[in-house]
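My notes follow the display.

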Amino acid sequence: MDDAFIARMREALGGRLELLKAAGEATADSRAPVELDQASVGRLSRMDALQVQAMAQASEARRRDEVRRIEAALRRIEQDEYGYCLRCGDDIAEGRLEADPTATVCIPCASSRS
Ligand SMILES: [Zn+2]
């Protein structure tokens, strides 16, 4: 892997990580426990609130998962292991890393999945 390419991937990963962390703080309110006071909220709006909360939690789970993958990719960059397939050790194609800088396996390994 050439240094310029790795530096570009590190930028992309770092930028994405900042965005995700900012988004996590911005949406913390919508994941707060739903107020279950039947007197002040009707049954339907309570279900709406629960659904909104469930969606917020699902997207939060996806966000955390992506944060983990980005942090792992940045760690691989630090350890000079970035860009190598975790399964077979070959180089991961640059095009694949450009599409997904967190990719951990090469295209043949990803498509064989055995
Ligand atoms: Zn591979």
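I took a patch to be made of residues with over 30% relative accessible area and no salt bridge, like charges being joined within 9 Å and nonpolar side chains (Val, Leu, Ile, Met, Phe, Trp, Tyr) within 5 Å. The model is predicted, so I kept in mind that local features need pLDDT of at least 70 and side-chain atom pairs pLDDT 80 or more, while totals for chains, interfaces and linings use all residues. Residues are numbered from 1 along each chain as its sequence is written, and side-chain values use heavy atoms, with hydrogens and water left out.

I found a patch of negative charge on the surface that gathers Asp-2, Asp-3, Asp-80, Glu-81, Asp-90, Asp-91 and Glu-94. Asp-2 lies in the segment before helix H1 (3–26), helices being DSSP runs of H or I with at least four residues, numbered from the N terminus.

I then turned to salt bridges, defined as a side-chain nitrogen of Lys or Arg within 4 Å of a carboxyl oxygen of Asp or Glu, and the count came to 9. Glu-66 and Arg-16 meet in one of them at 2.7 Å, N to O, and this pair links helix H2 (residues 43–78) with helix H1, 50 residues apart. Glu-66 counts as buried at 19% relative accessibility, where buried means under 20%, exposed over 50% and partly exposed in between (1.4 Å probe, protein chains only).

I also noted that Arg-64 bridges to Glu-60 at 3.0 Å, both lying in helix H2, 4 residues apart. Arg-31, Glu-60, Arg-63 and Arg-64 are linked in a network of salt bridges.

Technical notes:
Accessible areas come from the Shrake-Rupley method with a 1.4 Å probe; for residues, only the protein chains shown count as cover. Lys and Arg count as positive and Asp and Glu as negative; His and the chain ends are not counted. The place of a charge is taken as NZ of Lys, CZ of Arg, CG of Asp or CD of Glu. Helices (H or I, at least four residues) and strands (E, at least two) are DSSP runs, numbered from the N terminus.
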